[in-house]
Amino acid sequence: MPSMTTRKTTWRAPSVLPGFGLTFGFSLAWLSLIVLIPLSMLFIKSAGMGWQAFVDVGFSERALTAYRLSFGTALAAAFVNAVFGLLVAWVLVRYAFPGKRVISALVDLPFALPTAVAGIALTALYAPSGWVGQYLDPLGIKVAFTPIGITVALVFIGLPFVVRSVEPVLADLGKDVEEAAATLGAGRAQTFARVIFPAILPALFTGFALAFARGVGEYGSVIFISGNMPGKTEIAPLLIVTQLEQYNYDGATAIAMVMMLVSFAVLFTLNAVQSIRRRRLGA
Amino acid sequence: MIRVENITKRFGNYPALHGIDLEIQAGEFIALLGPSGSGKTTLLRIIAGLEFQDEGHVHFNGEDVSDIPVGKRNVGFVFQQYALFRHMTVADNIAFGLTVRKARNRPPKAEIKARAQELLRVVQLEGLGDRYPGQLSGGQRQRVALARALAIEPSLLLLDEPFGALDAKVRKDLRRWLRDLHKQMGLTSIFVTHDQEEALELADRVVVMDHGRIDQIGTPEQVYMEPATAFVSHFVGETNRLPDGRHIRPHDIEIVAEGRDRVMVDNVFRKGGSWRVEGRLHETGTIVEIDIDSHDTPPAVGETVAIAAKRARIFSAAEQR
């Protein structure tokens with residue numbers, strides 16, 4: 001006899017894991033409280049100021065320069081971190097050496113250190129009279145108070161994101177895959193380029209995206225080393241603070257709005273690329 | 001011809017292999033059979049060049065390859081978990097060994113592609129070349145791993161627990177298929193297994209290992225019928241050990257009208273083509289398993305019967321380990 005029960009049509013796939021409704025509700029409430037409601041305030045606030053006023057502040061010459069600087073330096077820093085973060089993760093995972101735990105703890109320091117402290121320390125190092133700066137200055141390389149300085153600060157801030165994203169994947173990568181490559185006659189370089197690197201690429205991608213996102217929003221460490229010259233080394237978050245200090249809340253909101261939309265677009269694209277990759281691998 | 005000479009290997013303080021000697025003729029299909037920790041996988045990896053021995057030598061066709069790295073030994077190795085490259089298509093996995101060759105030894109692209117297609121056909125995966133390993137079943141992945149190993153035309157094929165991760169039915173089909181492939185392609189193969197049935201069914205010769213030593217090398221017939229040690233007798237097939245030191249296979253016991261050894265029957269069930277009778281020796285309580293022809297009437301549970309051995313084996317002290 002055919003079963004008479006008809007399944008309630010729902011938009012979620014049936015699952016044996018209980019509590020979907022409850023946990024989903026909590027997640028949504030939490031996400032709303034912490035992320036969505038504050039962000040929607042941005043929308044509401046900027047919607048109230050009118051299109052023309054929004055464009056005038058949000059896309060002013062000064063603001064555009066700041067966006068270019070913020071996104072450009074964050075991108076450059078994320079690239080640098082992708083390369084050297086991978087190297088650090090590689091060393092931490094693949095080799096045993098004395099002091100490994102100390103080094104591993106050091107990697108996380110940029111997470112914990114107040115960013116202003118990092119900024120002041122870096123400025124002291126890279127200023128033309130600083131420890132490192134005094135050798136670079138005669139070569140005509142100026143770090144502090146230039147976009148290079150901003151990038152240096154963002155590299156410092158973003159490093160742990162790449163290291164901590166790549167590390168577990170690298171550790172999890174089976175030894176047998178490398179051995180398989182070796183039995184098939186691949187050399188070390190070939191094994192890395194064709195077997196190991198593609199396997200950790202998604203994690204590296206994630207670390208890159210996180211470092212980039214952090215760099216775009218970074219404020220504390222940058223304001224000391226950048227010099228904050230409007231139109232030259234003024235980053236977008238600083239421009240927002242400047243607007244706030246002048247009680248121009250609408251202006252600050254407009255700039256924040258533009259930054260948020262661009263950041264969201266970038267992160268969404270990165271995630272989309274990732275999920276396409278994952279689906280292709282059938283995992 | 002492969003010759004392994006006095007191979008000894010330690011991992012720290014743990015002795016993995018003690019003075020292993022082994023000779024394998026071209027075209028043979030050899031099983032390294034033993035429980036976990038017997039050193040069988042270590043021996044396979046040393047032959048491959050994935051692990052290096054502390055003492056001893058490995059010769060391939062008279063040439064000492066003891067210090068030659070794995071990539072230059074031209075061996076095909078199939079890993080237990082297949083170790084496929086997940087980010088590459090099946091065809092790219094198979095072609096890998098050819099594409100990493102130095103330019104002067106590397107076949108042209110079209111030829112590599114043709115070879116990969118040919119191997120896909122050999123392992124019966126035609127049309128799946130564009131899939132990724134994640135999209136295949138366990139048995140299909142296993143065959144991809146095999147095709148990848150065969151692509152480099154290895155002089156020796158090594159397989160580490162090749163059927164370990166597969167379910168019973170797939171395992172059986174693959175076994176038969178692998179044996180045919182071995183014959184067809186004229187391979188020399190060594191595989192590691194802890195499954196005696198697998199070893200007896202597939203191999204030309206079985207190498208039974210325990211605690212880093214070889215207990216016996218012989219044909220499946222020899223290993224089963226004339227076990228060299230008590231360990232082999234118990235590991236390959238089932239054996240009852242009676243208190244008086246006799247080792248008797250369940251099918252070598254018969255139920256008789258009168259006898260010295262009396263068994264209390266605990267359980268009777270059908271096992272394949274015969275009855276399996278489980279009981280305990282009357283005097284000592286030693287568990288005894290007896291196989292009776294399925295046409296005969298088995299004793300009833302609770303009954304006490306007398307048994308006699310049609311064939312028994314006694315091992316010397318040296319053979320007891």
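In this predicted model, helix α3 (residues 61–94) of chain A packs against helix α9 (residues 188–217) of chain A at an angle of about 145°, with their axes 8 Å apart. The crossing of α3(A) and α9(A) is right-handed. Chain A also meets chain B, where 21 residues of chain B are in contact with 18 residues of chain A.

**Helix packing in chain A**
- From α3(A), the residues that make the contact include A:S70, A:F71, A:A74, A:A78, A:N81 and A:G85.
- From α9(A), the contributors include A:L204, A:G207, A:F208, A:A211 and A:F212.
- Classified by residue type, the contact of α3(A) with α9(A) comprises twelve nonpolar, six polar and no charged residues.

**Interface between the chains**
- On the side of chain B that touches chain A, the elements giving two or more residues are β6 (75–78) and α2 (90–99) of chain B.
- That side of chain B has twelve nonpolar, six polar and three charged residues.

**Nonpolar cores**
- The largest nonpolar core has 75 residues, of which B:A31, B:L32, B:I47, B:I94 and B:L158 touch the most other members.
- Not counting residues up to four places away in sequence, B:L32 touches B:K40, B:L43, B:L44, B:I190, B:V192, B:V207 and B:M209.
- Another core, of 57 residues, lies apart from the largest one and has A:F54, A:V57, A:F145 and A:I255 among its members.

**Helix α5 of chain B**
- Helix α5 (residues 168–185) of chain B has 18 residues and should span 26 Å at 1.5 Å a residue, which agrees with the 26 Å between its end C-alpha atoms.
- Just after α5(B), B:G186 adopts a positive phi of about 65°.

Terms used. Residues numbered from 1 in each chain as written. Chains lettered and ligands numbered in written order. Predicted model: local features only at pLDDT ≥ 70, side-chain atom pairs only at ≥ 80, totals over all residues. Contact = placed C-beta atoms within 7 Å. Helix = DSSP H or I, 4+ residues; strand = E, 2+ residues; numbered from the N terminus. Nonpolar A, V, L, I, M, F, W, Y, C, P; charged D, E, K, R; others polar. Core = buried A, V, L, I, M, F, W, Y, C linked by C-beta atoms within 7 Å. Buried ≥ 20, exposed ≤ 12 C-beta atoms within 10 Å, placed from the backbone. Expected span 1.5 Å × (residues − 1). Axes fitted to C-alpha atoms, helices over the stretch in contact; angles between N-to-C directions. Left-handed = near helix turned anticlockwise from the far one by under 90°.
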